Amino acid sequence: MNDTVHTDIAIIGGGIAGLWLINILQQQGFSCVVIENNELGGEQTLLSQGIIHGGLKYALGGTLSSESESIAGMPDRWRKNLSGEGEIDLRRAKILSDTQHLWSAGSMASRFTTFFASKMLRGRINKLKFDNYPTALRNKRFKGNVYCMDDLVVDTSSLLAALVEQAGDRFLKFDDRSDKIIWNDSGVESIQLAHVNIQPRITILAAGAGTGALLNDAHQHDVAKNINVQLRPLQMLLVQHNLGHRLYAHCIGASNKPRLTITTHDATNGDLVWYLGGDIAERGVDMMESELIAAGRSELNQLFPWLDFSEAVFSGVRIDRAEPKQDSLIKPDNAYAMRDKNLIVTWPTKLTLAPDLGDRVMQLLEGFLPSEKRVAINDSTPRARIANAKWETSFVDHDGTTGHE
Ligand SMILES: Cc1cc2nc3c(=O)[nH]c(=O)nc-3n(C[C@H](O)[C@H](O)[C@H](O)COP(=O)(O)OP(=O)(O)OC[C@H]3O[C@@H](n4cnc5c(N)ncnc54)[C@H](O)[C@@H]3O)c2cc1C
């Protein structure tokens, strides 16, 4: 027979949202579990570029909106956590870069110079001298300007490990074939897993794209009727090479969105992986992987004619960004948390906004006090593991080794 475990809060979904929330909720004395039907972080979180930004990239449009000001405080808040002085001790998480660069190639250079030098951005975006350029751009053939922003880039694998370690043994694996969520007209009545029934007082949906299907069930019980998910598909590009050059930068093109956003990660064989997003990933949605790879090669050859990518290995990866449904497909600029009865529905909308999500959920819980004791969950209930990042797994050859084409 299954144990019944009463818990204050069950969180469904173990990406950054679920992991952040369990940490701050447990600190407030709530007993919690995270329910994950695959691997922790294995969807958007480990496929994100890990950029913790304060909204400055929106300045590419030439203005800073009030919405973008609202995330301006996030990098400092993360920095506090990463140095062990914030709400969650993230000292174990690795910072990949303390700054993010911005470069404008050739003819685009002048368009942005005046704006970036403006009073509003002074101190937040600085123009660099050639000697301080990131090594990938420090070449005499490079024509353009390079700026430095005070955004940072975190290694998402070690971030997840830090969050899991501090929350303790509370990450339970949900088997879609045999486990069940039982709904009633206030939200989730129970979650029936192998060898344990979880009975939460409140349930938080933090399942990213998977929240859509969970909401379909909630809607059938007249819960959270007006909340729906919207998906924005992307096809990102991974480029494994042995050229060195760790680059964390946005390339500015003709539009107000980055033409290319590059972050750098470590492959298991010591090579580097440049992870390419930005406009190319949006255009990549309608391309076959081979077309995207050809477009990516041509883009890199154009932007870095002094680097030889002929030996590099390219791979496309498709992923949907999941956000609350809005009137148009514009990007939301705040974390989203909405409560109906005993159900809270969340989308951080950006990794950056996890602390904002935490604040919003705490507000929705005002007056809800911890009452259940945290009890151990029996060992026979399977646990969810942390997923591997794509740069650790994408380039494994058939013989089990990694290597170049
Ligand atoms: C390509 C890409 C790049 C990005 N880059 C950045 C960036 O640089 N900076 C930034 O701030 N943001 C970035 N983002 C956005 C950011 O990654 C997401 O907003 C954030 O990771 C979402 O976290 P989440 O926990 O809501 O969702 P996810 O990370 O998707 O996690 C949801 C979890 O729920 C689980 N799940 C799904 N259904 C169920 C179910 N029925 N039962 C149990 N579990 C379930 C999934 O397996 C998954 O583990 C990027 C997003 C993408 C796609």
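**Notebook: sheet, helix and ligand shell**

I looked up the sheet and found eight strands in an open sheet, ordered 6-7-5-14-15-16-13-17, with mixed pairing. Its edges are strand 6 (125–127) and strand 17 (313–324), and each pairs on one side only. From one strand to the next, the twist averages 25 degrees. I noted the terms. Strands pair if DSSP finds at least two bridges between them. Helices (H or I, at least four residues) and strands (E, at least two) are DSSP runs, numbered from the N terminus. Angles run from 0 to 180 degrees between N-to-C directions, with axes as lines fitted to C-alpha atoms, for helices over the stretch in contact.

This is a predicted model: local features need pLDDT of at least 70, side-chain atom pairs count only at pLDDT 80 or more, and totals for chains, interfaces and linings use all residues. Residues are numbered from 1 along each chain as its sequence is written.

Next I checked strand 13 (229–241) and strand 16 (272–277). They run antiparallel, joined by five bridges. His241 stands opposite Leu272 in strand 16.

Then I turned to Glu392. I found Glu392 in helix 11 (390–393). Glu392 counts as partly exposed because it has 17 C-beta neighbours inside 10 Å (buried takes 20 or more other C-beta atoms within 10 Å, exposed 12 or fewer, partly exposed lies in between; C-beta atoms are placed from the backbone). His265 is 127 residues away from Glu392 in sequence, yet their C-alpha atoms are 9.0 Å apart.

Last, the ligand. Of the 38 residues around the ligand, Gly13, Gly15, Ser48, Gly208 and Gly210 come nearest (near means a C-beta atom, placed from the backbone, within 6 Å).
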